[in-house]
Amino acid sequence: MHLAQLNVAHLVAPIDSSTLADFVSALEPVYRIADSAPGFVWRMQASDDPTEVITHEYGDDLLVNLSVWESREALWNFVYRSPHLEVLRRRREWFHRTAEPYTLMWWVREGHRPSLAESMDRLRLIRADGPGPDAFTFKEFYEPDGTPAVPLPL
Amino acid sequence: MSVLADSVRRSLYRFVADRGRDVGRGEAADAVGVQRTLAAFHLDKLVEAGLLEVGFRRLNDRSGPGSGRPAKVYRRAAGERTVSLPPRDYRTLALVLAEVVDLLDGNEQAEAVARRTGERLAAASEQTGIAELLAERGYEPYEEDGRIRLRNCPFQVPAQTHPLLVCSMNLAMCQGLLRGLGAGRTAVRLDPRPGECCVAFLPPEDGSSKNN
């Protein structure tokens, strides 16, 4: 099984505004790190232009990232143990805070490329019911067989 | 912990931990200045106690027939040991407080407090250099390409459950340590890698010394 991941963020200003300039300039290097990271499988792309964000029907201010990884450890190492962490640290400069879950994971069979609609369904699921085997987080992680997991060492 | 009472064993543990990689018996024996068989005995005691982990690896580039069997190598075990008499449980409290900071959206305040804490720690320490101060704080600093990197994350347990909060606070605390030492020209930034602390220090002359 592979691990699919969705995160959504509401922009505080238009993507082409000066407020978002540092974020947009970080896209290319960070995507380059993701694409060459050990255990990276796939990510949804609008085009080959790394600064072009995925457009969708869920609102112009909503930024989405959708990707697939070989394992929990591979995704963790990209999210928290790479230059991606600095982008996360500065998230409040660029995105609205939300009390609702904005990131989640779920297991997919190898070769499956999740659609955005399918991923947004999972987001609704975790927002309605909290983490479970079908939609979960690093903090409350579930194994492919549905059992809760323990945290990873750094 | 009594396993570490023996001074040879303690030196071997420290040597393996400081390397941050797999270490062979011969290398460890030479470093500590004891016979290889004695080193092997103590290293295996440390493995039994769960302080070191063991692996098998070829220590030379040869492979195939005649290259010999893989050598036993040692590295520091991932788990942590804490001794507290009388019993104390700061870990659970840290996890609860981290959760509270998240709920209150208090990341910025947490970073500000961490920065001030760093300043106070630096002021209270007798150390005057950042590497020495980081060593005293348990970060296990080492040098790489002119930067100071940190082998150990002193906040690992809450960093696993609240990585964003704890790494941001750690960065702020390191900024505070520098400020407290009056070493404000040294830069510190997030530069995380798997298995290490999330920050790295750049010397003040970094980026400007190439012309000298």
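Predicted model: local features only at pLDDT ≥ 70, side-chain atom pairs only at ≥ 80, totals over all residues.
Q: OK, helices α2 and α3 of chain B. At what angle do they pack?
A: About 105°, and their axes are 9 Å apart. Helix α2(B) covers residues 25-32, and α3(B) covers 36-48.

Q: So what do we call that, parallel or perpendicular?
A: Angles from 65 to 115 degrees count as roughly perpendicular, so α2(B) and α3(B) are roughly perpendicular to each other.

Q: Which residues meet there, between α2(B) and α3(B)?
A: From α2(B) you have R25(B), G26(B), A28(B), A29(B) and V32(B). On the α3(B) side they meet R36(B), A39(B), A40(B) and L43(B).

Q: And how does that contact of α2(B) with α3(B) divide into nonpolar, polar and charged?
A: There are 6 nonpolar residues, 1 polar and 2 charged.

Q: What about α1(B), how does that helix pack with α3(B)?
A: Helix α1(B), residues 7-19, packs with α3(B) at about 75°, and the axes are 9 Å apart. With 65 to 115 degrees as the range for roughly perpendicular, α1(B) and α3(B) therefore fall in that group.

Q: Which residues of α1(B) and α3(B) meet?
A: V8(B), R9(B), L12(B) and Y13(B) come from α1(B). Their partners in α3(B) are A39(B), H42(B), L43(B), K45(B) and L46(B). By class, this contact has 6 nonpolar, 1 polar and 2 charged residues. A39(B) and L43(B) are also on the list for α3(B) where that helix meets α2(B).

Q: Switching to strands. What's the order in the open sheet of chain B?
A: The sheet has 4 strands in the order β4-β5-β7-β6, and the pairing is antiparallel.

Q: Which ones are the edge strands?
A: β4 (141-144) and β6 (187-190) of chain B, each of which pairs on one side only.

Q: How much are neighbouring strands turned against each other?
A: By 30° on average, ignoring direction.

Q: How many bridges join β5 to β7 in chain B?
A: 2 bridges, between β5 at residues 147-150 and β7 at residues 199-202, with the strands running antiparallel.

Q: What's the bridge partner of I148(B) in β7(B)?
A: That's F201(B).

Q: Which strands does helix α8 of chain B lie across?
A: Helix α8(B), residues 163-181, lies across β6 and β7 of chain B. The helix runs at about 175° to β6(B).

Q: Now chain A. How many helices and strands does it have?
A: Chain A has 5 helices and 4 strands. Along the sequence the pattern goes β-α-β-β-α-α-α-β-α.

Q: What's the radius of gyration of chain A, and what does a compact globule give?
A: Chain A has 15 Å, and a compact globule with 154 residues would come out near 15 Å, so the two agree. The C-alpha trace of chain A spans about 45 × 35 × 30 Å along its principal axes.

Q: Last one: how many residues of chain A are in contact with chain B?
A: 14 residues of chain A, against 17 residues of chain B. In chain A, the elements giving two or more residues to that side are α2 (72-80) and α3 (84-89). α3(A) gives the most, with 4 residues. By class, the chain A side has 7 nonpolar, 2 polar and 5 charged residues.

Definitions and conventions. Residues numbered from 1 in each chain as written. Chains lettered and ligands numbered in written order. Contact = placed C-beta atoms within 7 Å. Nonpolar A, V, L, I, M, F, W, Y, C, P; charged D, E, K, R; others polar. Pairing = 2+ DSSP bridges. Axes fitted to C-alpha atoms, helices over the stretch in contact; angles between N-to-C directions. Parallel < 35°, antiparallel > 145°, perpendicular 65-115°, else oblique. Rg over C-alpha atoms; globule rule 2.2 N^0.38 Å.
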